[in-house]
There are 2 protein chains.
Amino acid sequence: MRHARWRGLLSVLVAPLLVAGVAGAAWAEPTAAAAEQVTRLTDVVPAPVEARPTPGETFSLNPATRIQVDRGAGDVGEQLAHLLRRSTGYWLPVVPDHGFTSNAIVLRLGGADPRVGEEGYQLDVTRRSVVLRANQPAGLFAGVQTLRQLLPAKVESDRPQRGPWRVPAGQVLDYPRFAHRATMLDVARHFLTVDEVKAHIDRIALYKINRLHLHLSDDQGWRIEIKSWPRLATYGGSTEVGGGPGGYYTQDQYRDIVEHARRRHVTIVPEIDMPGHTNAALASYAELNCDGKAPPLYTGIEVGFSSLCVGKDVTYRFVEDVVRELAALTPGPYLHIGGDEAHSTPPADYQEFMRRVLPIVERHGKTPVGWHEMAKAATPPSAVLQYWGRGTTDREVVEAARRGNKVIMSPANRTYLDMKYDPSTKLGLTWAGYIEVRDAYGWEPGGHLADLPESAVLGVEAPLWTETLTDLDEVSFMAFPRLPAVAELGWSPKVTRSWEGFRERLAAQGPRWERMGVAFHRSPQIPWR
Amino acid sequence: MRHARWRGLLSVLVAPLLVAGVAGAAWAEPTAAAAEQVTRLTDVVPAPVEARPTPGETFSLNPATRIQVDRGAGDVGEQLAHLLRRSTGYWLPVVPDHGFTSNAIVLRLGGADPRVGEEGYQLDVTRRSVVLRANQPAGLFAGVQTLRQLLPAKVESDRPQRGPWRVPAGQVLDYPRFAHRATMLDVARHFLTVDEVKAHIDRIALYKINRLHLHLSDDQGWRIEIKSWPRLATYGGSTEVGGGPGGYYTQDQYRDIVEHARRRHVTIVPEIDMPGHTNAALASYAELNCDGKAPPLYTGIEVGFSSLCVGKDVTYRFVEDVVRELAALTPGPYLHIGGDEAHSTPPADYQEFMRRVLPIVERHGKTPVGWHEMAKAATPPSAVLQYWGRGTTDREVVEAARRGNKVIMSPANRTYLDMKYDPSTKLGLTWAGYIEVRDAYGWEPGGHLADLPESAVLGVEAPLWTETLTDLDEVSFMAFPRLPAVAELGWSPKVTRSWEGFRERLAAQGPRWERMGVAFHRSPQIPWR
């Protein structure tokens, strides 16, 4: 990825965290419930495959409502209960399903329409109950995200709010279009804490994003403990863009992130970028350099100046050790090895490097993923390419797809969340252009690259680079509302696609983000409520 | 205890368990809250020492209410939350106290008026909060029982009910008159299951009863596993009055009961009755009999025919083993050794037996308790005597008290819960007379026995023998409402005593027992609501 010159880190006015104060006395004398608009069954992002409202009917949460769960649905049930308890103040006990569904939210495993597959669900809301059916817990989790969006926005508050808590009645049948619906966090340019990453996972899961790509190493920092090469983290991770203190995840912390993501049905895809973007590693171990001399740590934002030494055996011992440790920590099937912008690696060396490294990844049981430059190498058919270009043609990617490689669509001018929304945006860069919400939404992942058939597209991913972003609020401001737009491209069928419909549905998310304390861009393109 | 002839086991119509059905739709459209009478601050059994209502003011539980607890108050807080969640359906999170008391029930340890001692509490209810203060968790637990009674009766339901949930405002300062406020369960004549004993503990704790005496052995059955004498339980526990299957508690089950009681600030006082009331032991081990021959198991209800063999050394090895195992299982300070109705033990033998057995109990770290006949022996000053006679004089007890022995008052014609209420009562016996509620309430434990000063009275205890009672419903029918009457004699100061006041306060308990599923006698003396 090429990047424009760094323009400085500017603070941003984030949406204020709205926490309604609740006084006991104020609650003591309930008045008649104020007329409140009920969410529409279609006010969901990403748009569901099918939604049939039952006009004029609602289900209401109340203090006697129970959450009934099948065996295997308990964890999803507890997560739902945790969310609802905070905002409703109701107990909502999670109990085994006993088949009788009055005044209950029921989570059932099995028996769903076969079309919903492993990640989809069916939702039936009547006056008496909310019944979610799925074939796997991931589908129940997705259905719960829909249910969250069907409840009033105040359901996202972290303190009890006054009801009523109505869900519009009707039937939803829903499942994803693409298997890969992802975003990427660059924790190398600026480090993000474990808690920030976890909070980000919570937010993206609400939009049925199922993979989080973590860019764990770059010129400016190495962010994951590798026990066989300890200085990578302790020295290579000791700074960041702008010269701040940086940081890294211990292996236990990384496991903690993986587990937090797993409960939310998000798979972590770790990336160690190579052979370029490796200054932090080269600075930590002199022997990795062809001249045997360690360069200084780097805190700027230029790219393309570093390379592992392709001709040295130690390079491959290093890669083997890193891949072995990272693969052992990562239950998901993918390991991303970067491969982008290797401007300091001669083309023949790049091919030689990939010829030796790709089998290492496969030997450790992982499917290799690389940025689309990896198509220049002899990739095995199992490898996945991530297209990040700004055009609509890429001969090498199309040829790789013909050999069997799947492609993740991350066109920089559509999905790069670090691009400014417009000239007034204080954060972010502009090298791929301004990207307003409509730009992020208005493209078609199945037909974006000429001659690349939809069957070769694994899915979509919106990367977020952090040259100019220093904390979760800044990350959120750039991700919302563009990330939900990309999430919808990944989940919803083409026939549901409509900018007019999307902007209305997106508008309904604003009050949710306010309640959640999520900073977001109040795009003038959206009729915020 | 002498007992009249067994009159057969009769089933009884128990108060039906009232469980209000709750339909989701019915709750969906809240109407204006129905006018509901708020409990009065004085509607508490046992009567509090001081209660000053704040007229016209109430605190209301609502979905945003929190339970704030000091360190050390968490368990009492969780028990309160558990009760309230079931009936209100509110979450009521238990959180550390942060000093700010809006819309909260606050449980504070320390800083209470010194008069409240270890078991008392102060309760301050305002529009904004409920604040309980005590010096020990036992005091907080007692205060929570008062709070339960100040909430509407429906708070005892096991399913969510509609609010409002008002507590009358005001101040209560409360602490017990006597240290010993107990009841006894005879699990020997008819066995009661672990769950029945636990449920009984829950019910008695609501009336601030702090000790449960378990009569674990008698002629008809041995109910506690003794590992060094295993046949006591496996054979001696294999039947009961009427020839039913009997049963016994394993040591783990007994520990479970002790722990269940401990959390409710109830101390278990285990009793092994000796040297009489021992047929089950004598039937289990032939060597315990003077003639070396084991008698058959016994399922009738006569008394006074069995005795351990005072002249044999094996008797004291047996007692030593039993006391050692039971003492090790029992964290409370007392071990009850019976000593009553030893009609088959010559007086000199009785004295010799007690001379050898009392030191065994003390050597195992326990304070010996015995029925009042033990006063005939040379008791150490630490021993406690339980008076169960029907008169108002007892020379031997008074003399023992002069030597330092404390006395528990269990006059049979006032406190024996197995006596019939009146001639129409189907269950129970009559040898000590009929005992209606007013009889159980209308006596003075501090001055009941002539020449026994109040300072010698450790407290009151209401025994419940089970010749005619086979399960928890039958036990409850006999215990309620007489046991709360005796509980009030043990807790409340004499100046609060008034039959007119008590019957009004007791009447308020009826709807609670209905909600709890507690069978009780609808005494015609009480103006039930």
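# A first look at a predicted two-chain model

In chain B, His265(B) sits in the loop between helix H6 (251–263) and strand S12 (267–274).

- His265(B) is not a glycine, yet its phi is positive, at about 60°.
- With a relative accessibility of 26%, His265(B) counts as partly exposed.
- One of the residues in contact with His265(B) is Asn210(B), which also touches Glu119(B), Ala179(B), His180(B), Arg181(B), Val266(B) and Thr267(B), leaving aside residues up to four places away in sequence.
- Asn210(B) has a loop position too, between helix H4 (194–205) and strand S9 (211–215) of chain B.
- Asn210(B) is buried because its relative accessible area is 7%, and buried means under 20%.

**An enclosed strand in chain B**

- Strand S13 (residues 334–338) of chain B has 5 of its 5 residues buried, so this strand is largely enclosed by the rest of the structure.
- Tyr334(B), His336(B) and Gly338(B) point one way from S13(B), while Leu335(B) and Ile337(B) point the other way.
- S12(B) runs parallel to S13(B) and is joined to it by 2 bridges; Met274(B) has Gly338(B) as its bridge partner in S13(B).
- S13(B) also pairs in the parallel sense with strand S14 (residues 367–371) of chain B, over 3 bridges.

**Two annotated domains in chain A**

- An unreviewed UniProt entry lists residues 43–175 of chain A as "domain: Beta-hexosaminidase bacterial type N-terminal".
- Residues 43–175 of chain A are 22% helix and 35% strand, and the end C-alpha atoms of this span lie 16 Å apart.
- UniProt, again in an unreviewed entry, lists residues 178–493 of chain A as "domain: Glycoside hydrolase family 20 catalytic".
- Residues 178–493 of chain A are 33% helix and 16% strand, with end C-alpha atoms 9 Å apart.

**An open sheet in chain A**

- Chain A holds an open sheet of 7 strands with mixed pairing, in the order S1-S7-S5-S6-S4-S2-S3.
- The edges of this sheet are strand S1 (50–61) and strand S3 (94–96) of chain A, each of which pairs on one side only.
- On average, neighbouring strands of the sheet are turned by 25° against each other, direction ignored.
- Within the sheet, strand S2 (residues 66–69) and strand S4 (residues 104–109) of chain A pair in the parallel sense over 4 bridges.
- Arg66(A) has Ala104(A) as its bridge partner in S4(A).

**Helix H2 of chain A**

- Helix H2 (residues 74–88) of chain A lies across S1, S2, S3, S4 and strand S7 (165–174) of chain A, and runs at about 170° to S2(A).
- H2(A) has 15 residues and reaches 20 Å from its first C-alpha to its last, close to the 21 Å expected at 1.5 Å a residue.
- Buried residues of H2(A) include Val76(A), Leu80(A), Leu83(A), Leu84(A) and Ser87(A).
- In an α-helix there are 3.6 residues a turn, so residues three or four places apart point the same way.
- Just after H2(A), Gly89(A) takes a positive phi of about 75°.

**The nonpolar core**

- The largest nonpolar core has 301 residues, and Tyr249(A) and Tyr249(B) touch the most other members.
- Which residues does Tyr249(A) touch, not counting residues up to four places away in sequence? Among them are Val187(A), Phe191(A), Leu192(A), Leu216(A), Tyr254(A) and Ile257(A), along with Arg223(A) and Glu225(A).

**Backbone details to look for**

- Phe480(A) and Pro481(A) are joined by a cis peptide bond with omega of about 15°.
- Pro481(A) is in the loop between helix H13 (472–479) and helix H14 (482–491) of chain A.
- In chain B, a cis peptide bond joins Phe480(B) and Pro481(B), with omega of about 15°.
- Pro481(B) lies in the loop between helix H13 (472–479) and helix H14 (482–491) of chain B.
- Asp451(A) is a residue other than glycine with a positive phi, near 70°.
- Asp451(A) lies in the loop between helix H12 (437–441) and strand S17 (457–464) of chain A, and is exposed, with a relative accessible area of 63%.

How values were computed. Residues numbered from 1 in each chain as written. Chains lettered and ligands numbered in written order. Predicted model: local features only at pLDDT ≥ 70, side-chain atom pairs only at ≥ 80, totals over all residues. Heavy atoms only, no water. UniProt positions renumbered as here; feature names shortened; annotations may be inferred. Pairing = 2+ DSSP bridges. Axes fitted to C-alpha atoms, helices over the stretch in contact; angles between N-to-C directions. Contact = heavy atoms within 4.5 Å. Expected span 1.5 Å × (residues − 1). Buried < 20%, exposed > 50% of the residue type's maximum accessible area, 1.4 Å probe, protein only. Core = buried A, V, L, I, M, F, W, Y, C linked by side-chain atoms within 4.5 Å.
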